[in-house]
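Okay, thanks for coming, everyone.

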Amino acid sequence: EVALKLAQSAGSLEARREAMAGFDLCDLKRGARNLVFSDGNPKARVMIIGESPSREEDVAGAPFAGVQGDLLGKMMDAIGLQVDADDAVHAVYMTTAMPWRVPGDGLPNAKDMAMMRPFLERHIALANPDVVILMGNTPCQMLLGRGGIRGLRGKWAEVVGRPAMPMAHPVSLLKNPLAKRDAWADLLAIQAKLRDLAK
């Protein structure tokens, strides 16, 4: 209830960040070093939503920090996008499904995910991307109501009125290189969708 009201009252990304920073009802906030909000270009056509922050992301206060970010950069390069591009056409905008790290890099519980969902939906609405990429189980669980990335990946869904592609998170691709072939297919589908939407 409180989260929903706060999220809906945020009229800009900056206001949303402030609303999250001041939100004290989620227990995860106490154990985290930093609020992980976003990185990249907020005007980008593509918004990437990752899992809950890892230890590296928590320390950096930014999504996709460290080796996972290096791999994500290569994945985006492969379809003509850049994580640090200035122009919105080639840029990406990144966030994490949950703003705070779960102790021990575990999975967030259902209560915390439900509590933070309005903030995530409002973030998507304010960023207003053409396409959303849901990387991993947590964003799928929060926005599609179900996890199981192997079964969800490669199939377009819709979140906040926008096409969304569930796909494996870079961390799981680093652990399971065989999944890179599927990830490549998903990236090509995203590239094709962006071309279609630009027509």
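So, this is a predicted model, and it holds 1 cavity of 30 Å³ or more. How much space lies in that largest cavity? About 70 Å³. There are 13 residues lining the cavity, and the closest to its centre are Arg-16, Met-20, Thr-96, Ala-97 and Pro-99. If you go by elements, helix H2 (13-21), strand E3 (92-96) and helix H6 (110-127) each give two or more residues to that lining. H6 gives the most, with 4 residues.

The largest pocket has about 440 Å³ of space. It's lined by 18 residues, and Glu-51, Leu-107, His-169, Val-171 and Lys-175 are the closest to its centre. Helix H7 (137-144) and helix H9 (170-175) each supply at least two residues here, with the largest share, 3 residues, coming from H9.

Last one: the second largest pocket, at about 190 Å³. Its lining includes Arg-150, Arg-153 and Asp-182, along with Ile-149, Ser-172 and Asn-176, among others. Helix H8 (149-152) and helix H10 (180-198) are the elements giving two or more residues to this lining. By type, that lining comes out as 4 nonpolar, 2 polar and 3 charged.

That's my tour, so let's discuss.

Technical notes:
Residues numbered from 1 in each chain as written. Predicted model: local features only at pLDDT ≥ 70, side-chain atom pairs only at ≥ 80, totals over all residues. Heavy atoms only, no water. 1 Å grid on protein atoms, 1.4 Å probe; cavity = no way out; pocket = protein on both sides within 12 Å on 5 of 7 lines; lining within 4 Å. Points joined across faces, edges and corners; volume = space filled by probe spheres on them. Nonpolar A, V, L, I, M, F, W, Y, C, P; charged D, E, K, R; others polar.
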